[in-house]
Amino acid sequence: MPGVAEPRIVPRAEHPISRRDIDPYALKVLYRLRQYDHVAYLVGGSVRDLLLGRRPKDFDIGTSAHPYQVKKLFRNCWIIGRRFRLAHVRFGPKIIEVATFRRQVEPGEEIVAEGVPAPRHAEPDRRSGAHPETDPHLIHRDNTFGTPEEDAFRRDFTINALFYDIATFSVIDYVGGLDDLHARIVRSIGDPEVRVREDPVRMMRAVALAARLDFTIDPLVLAAIRRHRHELARSSAPRLLEEYYKILRAGAADKTFRALATLGLLEPISKELHEGAADPLWRSLAALDGYRRRFESTPDILTNPILLGTLLVPLGVSLNPVRHMLPIQDATERRRPQGPRLGELPLARRDIERLRQILGLQRRLRDLTASPRAQRAMTHRSIFRDALTWMDIHGGSPEVVEHWKGVLVGEGDADTTPLPGEAEPAPQRRRRRRRRRRFRPAPQ
């Protein structure tokens with residue numbers, strides 16, 4: 001990690017962030033932590049987006065408090081994670097994630113207590129199967145508690161390492177993120193060659209970030225991506241698939257996947273996408289982006305099956321399970337379905353099955369001559385809303401969508417899920433139940 005530097009501190013009068021733009025639940029958590037003498041900052045992408053005048057998706061908090069110290073302050077707090085403990089403070093459906101400031105573990109250190117380092121001799125990392133000396137680039141541990149400065153330097157890109165201090169209403173910058181934000185450039189913290197080899201998923205994140213914000217990528221980062229793109233295959237397949245879902249939900253999927261294809265980042269993990277990067281795929285992704293932009297934030301109706309279908313259907317990928325013979329050493333020697341995959345990425349069978357149901361219902365949705373009773377029955381099917389959302393995104397028949405919206409309205413549907421293309425309703429404040437007073441007999 002670079003030596004600790006004096007931060008650039010921008011006072012309230014010189015930046016546009018207002019507490020009015022911050023989630024009130026996040027403010028509540030920040031103030032409670034400050035009340036008990038813990039350092040607490042709004043961190044990461046939320047600060048970046050607020051400075052750009054965008055509405056953040058999440059409001060994450062970094063603090064000097066350890067996870068169980070956070071839990072003591074909030075009865076609605078749950079501790080999650082194995083490799084690194086995070087505190088999730090829940091307010092109804094809303095979650096504020098609180099992470100203790102941490103730093104990257106240097107070679108020759110180990111963790112003797114949660115978040116506490118101790119010097120050690122080089123030993124194999126049993127969890128990763130790697131040895132620090134033979135595989136020096138991959139991050140094996142980064143769950144050591146640290147200072148705000150150390151936390152800033154262990155992040156991926158400069159524009160993601162900005163802090164907002166609720167105590168002084170100032171923005172804190174240790175890594176030059178403000179300059180890069182003004183220059184509209186995605187730049188790595190530290191040597192890009194080292195950082196992308198530490199975590200190859202950062203290559204995808206750089207591309208997605210630049211596409212979503214309409215930024216350029218630093219030439220040094222681009223060179224590192226081109227040189228190390230095949231190392232992406234070393235990353236966890238579920239994690240890579242989750243990155244695909246994040247891209248598809250962000251509203252810039254068309255631009256992002258085009259850039260991923262140009263840089264060769266699709267080939268190592270999903271060859272079908274790399275080979276099928278053509279007009280049908282771009283039209284499908286553009287349709288998804290157009291739907292997503294109708295909403296201020298990602299609607300819950302954009303489920304994994306709909307997102308997967310946006311990728312798979314234009315590629316002509318079969319949704320039927322592939323049967324294969326088990327190895328001879330298996331005594332049963334019987335055929336069984338192989339799990340669905342997108343290149344090297346395993347897909348959930350339930351998502352594929354639900355996608356098949358969504359596609360299977362499209363023909364019936366277009367049949368507007370069915371009796372009113374049959375149409376009302378259709379709206380009560382569990383797959384109906386997903387199928388109607390698919391029709392709204394990819395069907396090219398807005399009149400059909402409007403017809404079914406009318407049927408739903410006529411049914412007086414009490415479901416609070418927004419209809420396809422409609423904004424989400426404002427959350428209702430849940431009334432607290434009054435505790436019934438216990439009857440106590442009068443003294444005799």
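Student: In what order do the strands of the open sheet stand?

Tutor: The general idea first: strands of a sheet pair through backbone hydrogen bonds, either parallel or antiparallel. In this structure, eight strands form an open sheet in the order 1-12-11-2-3-6-5-4, and the pairing is mixed. Strand 1 (8-10) and strand 4 (77-80) stand at the edges with a single partner strand each, so one side of each has no neighbour in the sheet. From one strand to the next, the twist averages 30 degrees. A few ground rules before we go on. This is a predicted model, where local features need pLDDT of at least 70 and side-chain atom pairs count only at pLDDT 80 or more, while totals for chains, interfaces and linings use all residues. Residues are numbered from 1 along each chain as its sequence is written, and side-chain values use heavy atoms, with hydrogens and water left out. Helices (H or I, at least four residues) and strands (E, at least two) are DSSP runs numbered from the N terminus. Two strands pair if DSSP finds at least two bridges between them.

Student: Let me try strand 1. How many bridges pair it with strand 12?

Tutor: Three, and the two strands run antiparallel. Val-10 has Val-171 of strand 12 as its bridge partner. On its other flank, strand 12 is joined to strand 11 (residues 162-165) by four bridges, again antiparallel, and there Tyr-164 stands opposite Val-171. Strands 11 and 12 make a hairpin with four residues between the strands, in which Phe-169 takes a positive phi near 60 degrees.

Student: Is strand 5 enclosed or open?

Tutor: Five of its six residues are buried, so strand 5 is largely enclosed by the rest of the structure. Helix 1 (residues 24-35) lies across strand 2, strand 3, strand 5 (86-91) and strand 6 (94-100), at about 35 degrees to strand 6. For such angles, axes are lines fitted to C-alpha atoms, for helices over the stretch in contact, and the angle runs from 0 to 180 degrees between N-to-C directions.

Student: What is the bridge partner of Ala-40 in strand 3?

Tutor: Thr-63. Strand 2 (residues 40-43) and strand 3 (residues 61-63) pair antiparallel over three bridges. Thr-63 is buried, with a relative accessible area of 0%. Beyond four places away in sequence, the residues that Thr-63 touches include Leu-33, His-38, Val-70 and Val-98; contact means heavy atoms within 4.5 Å.

Student: How do I read two packed helices, such as helix 10 and helix 12?

Tutor: Two packed helices are described by the angle between their axes and the distance between the axes. Helix 10 (residues 253-262) and helix 12 (residues 279-292) pack at about 145 degrees, with axes 7 Å apart. Among the residues making the contact are Phe-257 of helix 10 and Trp-282 of helix 12.

Student: Which residues touch the most other members of the largest nonpolar core?

Tutor: A nonpolar core is a set of buried Ala, Val, Leu, Ile, Met, Phe, Trp, Tyr and Cys residues joined through side-chain atoms within 4.5 Å. The largest has 102 residues, and Tyr-244 and Phe-257 touch the most other members. Helix 7 (residues 201-213) gives the most to this core, with nine residues. A second, separate core has eleven residues, including Tyr-41 and Ile-172. Tyr-244 is also one of the buried residues of helix 9, and Gly-251, which follows helix 9, has a positive phi near 95 degrees.

Notes
Buried means under 20% relative accessible area, exposed over 50%, partly exposed in between (1.4 Å probe, protein chains only).
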